[in-house]
Structure formats: structure tokens, C-alpha cells
Amino acid sequence: MATTVSLRWRVIDIVTAAVLGVACGLIFVAWNPVGGAAFDVFGKFLPGLGGLVTGIWLLGGTLGGYVIRKPGAALFVELLAATVSMGLGSQWAIATLYSGLAQGIGAEIVFALVAYRRFNVWVAAAAGALSFACEWVLELFTEGNLGKGVAYNVVYLVSGVASGIVLAGILAWALTNALAKTGALDRFASGRGARELV
């Protein structure tokens, strides 16, 4: 028997999205100095290789979309996380919001393509990958990457997409499953689905 999945937001969805957004924002704040420094170090080995550390900054969109499974969840959580990061002193200031918007849109597109009804590690990985791809396009213009040459941009795109797949996509999938097994997500489809697989 097929079950109908409601795409309408409930109060618990809004509250959970807000909590995830703030939590991811705090993760970003902790990661900003570490990831920023690692970005520069990797870039010295091979220009563009700093993309390997960007996946953590994409986590809000993938986690929010994967847990809540409603239209706009990925964008909302990523943008709120970026706002928290900026508000607490991100070194990228207002550019943090532009990035949050681009990254959230990338993840949101993937969840929309599966109509917010198909969720597995591949969908989460794709959301992480497209989240970075949208950030990559943004940075062509906001960070002057367009002038850094083809080699830089290819390395940055490949390493960033790989990071998005692992540190945003697969990590969001693993965190959701771990939370679901505790019963913390029982009021969400993400929680019920994971518990049925056990």
C-alpha cells in the first residue's frame, strides 16, 4: 500500500529547521578558521585543491533537506546557518550569505528533482555535489576565479564536488541515520524510514 507524503510544513518542521540551521551555523563558525587555513595550505600544493575542505560549509543544505524532506528545507537551513556564521564574525562577512544562498539552492534542486520523495545516500551525495557546483559558479564572479585559469577552476570544481559528496552528502546521510536510530526523528519521514531499514 502506497503512503501519501505531505509536503506541507508543520510547526515541528519549522522548529527543527531552525535548530538545524543554528547548529550548522555554529559548526561553520568552528570550521571557518580551520577550513580557511587548510584551504590555503592545500592551495599551495596545487592551486584549487583547497576545494577538498569546503564540504563542511555545505552541510546545512544537505542535512536540512535530508532530515525535513519538505520544499525549501535545504535552502532555509543552509541560509540560516550562513546567517549565524556571518553574525558570529565569519571572515567572509556578507559574502557568507551569498554562499549560503548558492549552496542551499544547489542542494534544494536535487531534492526537488526527486520530488522530495526519494532519499538515499546517492541523493544526499548528489545534493552535496550540486551544492558545491553552485558555489563554484558563484565564486567565478565573486572571488575572481574566472581570471585564475582553466586548470585552477577544474581542480577546484573536482576537489570541491568530491568534498561535497563526502563531507556534506554522505555525512548528512550518516548523521540522519544515526539520529533516526535513537528515535529522535520519529516524527519525520527520515526517522521512520531509517528505522524500517534496521
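**Exercise 1. Contacts along the chain**

Find what share of the contacts in the protein chain with a separation of 6 or more comes from residues 24 or more positions apart.

Solution. Take the contacts of this predicted model whose partners have a separation of 6 or more. Residues 24 or more positions apart account for 71% of these contacts.

**Exercise 2. Helices and overall dimensions**

State how many helices and strands the protein chain has, and decide whether its radius of gyration agrees or disagrees with that of a compact globule.

Solution. 
- Step 1: The count gives seven helices and zero strands. Along the sequence, the pattern reads α-α-α-α-α-α-α.
- Step 2: For 198 residues, a compact globule would have a radius of gyration near 16 Å. The protein chain has 16 Å, so the value agrees with the rule.
- Step 3: Along the principal axes, the C-alpha atoms fill a box of roughly 55 × 30 × 25 Å.

**Exercise 3. Surface and interior**

Solution. 

**Exercise 4. An aromatic pair**

Classify the pair formed by the rings of Phe39 and Tyr156, and say for each residue whether it is buried or partly exposed.

Solution. 
- Step 1: The structure holds eight aromatic pairs. For Phe39 and Tyr156, the ring centres are 5.9 Å apart and the planes stand at 90°. Planes over 60 degrees apart count as edge-to-face, so this pair is edge-to-face.
- Step 2: Phe39 belongs to helix α1 and Tyr156 to helix α6 (residues 150-182). The pair therefore ties together parts that are 117 residues apart in sequence.
- Step 3: Phe39 has 24% relative accessibility and so counts as partly exposed. Tyr156 has a relative accessible area of 1%, so Tyr156 is buried.
- Step 4: Phe39 and Tyr156 also belong to one aromatic cluster, together with Phe132 and Tyr152.

**Exercise 5. A nonpolar patch**

Name the residues of the nonpolar patch that includes Leu52, then locate Leu52 and classify its accessibility.

Solution. 
- Step 1: The patch on the surface consists of Val41, Phe42, Phe45, Leu46 and Leu52. Together these residues have about 470 Å² of accessible area.
- Step 2: Leu52 sits in the loop between α1 (11-45) and α2 (59-68).
- Step 3: The relative accessibility of Leu52 is 35%, so Leu52 counts as partly exposed.

Definitions and conventions: Residues are numbered from 1 along each chain as its sequence is written. This is a predicted model: local features need pLDDT of at least 70, side-chain atom pairs count only at pLDDT 80 or more; totals for chains, interfaces and linings use all residues. Side-chain values use heavy atoms; hydrogens and water are left out. Patches are made of residues with over 30% relative accessible area and no salt bridge: like charges are joined within 9 Å, nonpolar side chains (Val, Leu, Ile, Met, Phe, Trp, Tyr) within 5 Å. Accessible areas come from the Shrake-Rupley method with a 1.4 Å probe; for residues, only the protein chains shown count as cover. A salt bridge is a side-chain nitrogen of Lys or Arg within 4 Å of a carboxyl oxygen of Asp or Glu. Helices (H or I, at least four residues) and strands (E, at least two) are DSSP runs, numbered from the N terminus. Buried means under 20% relative accessible area, exposed over 50%, partly exposed in between (1.4 Å probe, protein chains only). The radius of gyration is taken over C-alpha atoms; the globule rule is 2.2 Å times the number of residues to the power 0.38. Contact means heavy atoms within 4.5 Å. Rings of Phe, Tyr and Trp (its six-membered ring) pair if their centres lie within 6.5 Å; planes under 30 degrees apart count as stacked, over 60 as edge-to-face and the rest as tilted.
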